Amino acid sequence: MAQDALLAPSVGEACRGHFLFGAAVNGYMLRDERHRQLLRRQFTSLTAENEMKPERLLDREATLALGDPVRCGLRFDSADRMLDFARESGLRVRFHTLVWHNQTPRWFFAEDWSDAPDAPLADAETVLARQESYILQVMAHVNTAYPGVVYCWDVVNEAVETSQGGEDGLRTRSLWYETTGSAFLAAAFRTARRGQAEGQQLFYNDYNSYFPDKQAAIGKLLRRLQAEGLVDGMGMQTHMELRRWNLPAFEAGARAYAELGLVLHITEMDIHCPGADAESQAALARAYGDFFAMLLRLEREGAQIGSATLWGVTDRFTWLRFFRKEDSYPLLFDADMRTKPAFDAVLAAVMG
Ligand code: GLA
């Protein structure tokens, strides 16, 4: 039976004692009181859909005003609005993301911070120094203004893409890679270790991370970072599709990451489902229920599962609809903020 999400039992509460239950949130949701209430009732963790990405934090005017070749200027207005909401709501925050090839402006990598489309790129030493300036300033701001709110950092997002032919399966079509080779990876984690606050964990995050070739490349990267004591957890994004659902493959992949001794986070889960009809939504519910039962099974085996985050809140606002332009009904709450069968299935799975 569909229920009003604000009156239904709380999945976040049901997950307590196991892991945090999170949602990716955007600025619109924070301006809508019903969304704010839903987030407070149903979730215990929050990820900013875009507000904590480099393109939102880097400020070119402020950077130029500093007149320094490596120190960057930042603005925190949109990130702070989200951190304020999280703090006043008692939600913990996954910080997403410090280093990524996407949604980072090209001028950050260019000589003299030039924004000309064909400006020459800065040398490796300069880019690495800029990276350090960026990471330390962001962490210092968040940890000073919002102590205890952020519990983990996606230090690097999506640095592996085996289809691009790069050494060790690393993504080559990335300005990080073009300017520094693979050096930016360990450098980012070393810097984040210096900037982190007590109790915070450092994550590597990626999609399709259980596909065998990708898992092998990510595993190699993680072991290299672990040898230096630089990484605490693996974030599996988990954008899935109902018609390609393969839970055994996912489970094997997740188990392999857990066996490295890393904390596991499900960071961006949704299951693309093009049908709103009862049959499609029943299939979606089975997939979600099986998935959360699988997480508890891994936990019983000894895996450390820190959080499970859905990429969105209701079927009304999902990146599958707005960004991928797909007709999709992939989440636990419908457009009217009522619970779906998938909600009941997740709740039943975590209540055991
Ligand atoms: C990737 C990123 C997310 C988000 C999604 C699409 O998975 O990690 O931040 O941009 O793509 O919305």
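Leaving aside its neighbours within four places in sequence, which residues is Arg-56 in contact with? They are Asn-50, Glu-51, Arg-75 and Ser-78, where contact means heavy atoms within 4.5 Å. Arg-56 sits in helix α4 (residues 54-57), and at 31% relative accessibility it counts as partly exposed. That label covers what falls between buried (under 20% relative accessible area) and exposed (over 50%), using a 1.4 Å probe and protein chains only.

A quick word on the ground rules: this is a predicted model, where local features need pLDDT of at least 70, side-chain atom pairs count only at pLDDT 80 or more, and totals for chains, interfaces and linings use all residues. Residues are numbered from 1 along each chain as its sequence is written, and side-chain values use heavy atoms, with hydrogens and water left out.

Now for the rings. The whole structure has 19 aromatic pairs; rings of Phe, Tyr and Trp (its six-membered ring) pair if their centres lie within 6.5 Å, with planes under 30 degrees apart called stacked, over 60 edge-to-face and the rest tilted.

Phe-291 is buried at 0% and Phe-292 at 1%. Leaving aside neighbours within four places in sequence, Phe-292 has contacts that include Phe-19, Phe-21 and Met-269.

Key:
Helix = DSSP H or I, 4+ residues; strand = E, 2+ residues; numbered from the N terminus.
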